[in-house]
Every structure is written in structure tokens, then in C-alpha cells.
Amino acid sequence: VDDLGRSEAVNALSNIMQQRKNWQTFVKPFLTHAWPKQLAYKGEMASRAFARLLAESGDDFADAAKVIAPLLRPVSHLDMFAHYMTKDDDEKHDFARRFPEATLSVLATLVDENRPTIPYGLPTVLDLIAESDPTLKRKAAWRRLRDLTL
């Protein structure tokens, strides 16, 4: 299956997760045991789809980030992903405050130096991460992402 096919499969998993609230019982086991781990299968389209799945993972975000991070590669455009990490108008987002370390880990994987644009809201996300856990400002990943926003 090519990158488009993998991204469609991830979108289907995201829909299943949202409709049935079954990260633990279906989506996580599938990604852990059946999803290919080889570098050749880490495509940009699939990584964007995984970002969408993470944005919709709610209370399972930290666990989902741990499982999904090894399946990601940097992407050119994250659209509104960083913004979703800061939404506090509902309980299923605001990950930068609720899960600062997991949020930083995912962003560090998805955003690299060769991106054409800075993800919308990245400076705000980094501020919230540092506010929630000041020790994360000492991590190389946080400093690298901050440097990209300057």
C-alpha cells in the first residue's frame, strides 16, 4: 500500500476511534501489532493522518503519542495541528497543558528545520508547554522548536 492508502487507513482508524471511543481495545492494538514499523512506510500523508488521529484522541493523547510517535516523520504542513494542542473550549483538546511532555515529543517529531512554514500556533503551544512543565524548556527539542519560531 502506498502513502495515500496508509493515510486513508489511518483516517479510518481515527473515525473508528471517534465513533466508538475504543483507542485501548482496537486502535492501539492494531497499531502496535499490525502497523508496519519500517522507515519506508513512514510517509508524509500517513503522518498527517496520524496527527489528525492524535488531535482527536482526547484523554488517551499521552498513550496515543507514545504508540504513534515512532510511526511519524516530519511533515511540510501541519495545518491546524498545533492549534488543536491548545484548544481549551472542550475537554478533548488542550494537550499542551494536560500532556506537555507528550505534546512536545510529537511536535519535535513532526516539525523539522526544513519546513516551509511554521505550524500555526506553535509559539503558543511552546509557551503552554513551558508553563505546564518548566523543566521541558531545558530539553533540546523545546529549544529547537522555539528557535524555529524566532
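**Notebook: helices and buried residues**

I started with Arg146 and found it in helix 9 (helices are DSSP runs of H or I, at least four residues, numbered from the N terminus). The model is predicted; local features need pLDDT of at least 70, side-chain atom pairs count only at pLDDT 80 or more, and totals for chains, interfaces and linings use all residues. Residues are numbered from 1 along each chain as its sequence is written, and side-chain values use heavy atoms, without hydrogens and water.

**Arg146.** Is Arg146 buried or exposed? I read a relative accessible area of 17%, so Arg146 is buried (under 20% relative accessible area; exposed is over 50%, partly exposed in between, with a 1.4 Å probe and protein chains only). I then listed what Arg146 touches: Pro123, Leu126 and Asp127, leaving out residues up to four places away in sequence (contact means heavy atoms within 4.5 Å).

**Confidence.** I checked pLDDT next (the predictor's confidence in each residue, from 0 to 100). The chain averages 89, and 96% of the residues score at least 70. Helix 4, residues 61–68, has the highest confidence at 96. Helix 5, residues 81–84, has the lowest, with a mean of 78.

**Helix 4.** I picked two residues here. Asp63 lies in helix 4. Its relative accessibility is 19%, so I logged Asp63 as buried. Asp63 touches Trp23, Gln24 and Lys28, with residues up to four places away in sequence not counted.

Ala65 also sits in helix 4. Ala65 is buried, because its relative accessible area is 5%. Which residues does Ala65 touch, not counting those up to four places away in sequence? I found Leu54, Ala102 and Val106. I also noted Glu101: it is 36 residues from Ala65 along the chain, and their C-alpha atoms are separated by 9.9 Å.

**Helix 7.** Ala102 and Val106 came up again when I listed the buried residues of helix 7.

**Helix 7 with helix 9.** Helix 7 spans residues 100–110 and helix 9 spans residues 140–149. I noted that their axes come within 10 Å and cross at roughly 55° (axes are lines fitted to C-alpha atoms over the stretch in contact, and angles run from 0 to 180 degrees between N-to-C directions). The two helices are therefore oblique to each other (under 35 degrees is roughly parallel, over 145 roughly antiparallel, 65 to 115 roughly perpendicular, the rest oblique). Leu104, Leu107 and Ala108 of helix 7 meet Ala141, Trp142, Arg144 and Leu145 of helix 9. I sorted this contact by class: six residues are nonpolar, none polar and one charged (nonpolar: Ala, Val, Leu, Ile, Met, Phe, Trp, Tyr, Cys, Pro; charged: Asp, Glu, Lys, Arg; polar: the others, Gly among them).

**Helix 1 with helix 3.** Helix 1 covers residues 3–20, and its axis comes within 7 Å of that of helix 3, crossing at roughly 10°. I therefore logged helix 1 as roughly parallel to helix 3. Among the contact residues are Leu4, Val10 and Met17 of helix 1, and Met45, Ala49 and Phe50 of helix 3. The contact has nine nonpolar, five polar and four charged residues.

**His93.** My last entry is in the loop between helix 5 and helix 6, where I found His93. His93 is buried, because its relative accessible area is 3%. Leu54 is 39 residues from His93 along the chain, with their C-alpha atoms separated by 9.8 Å.
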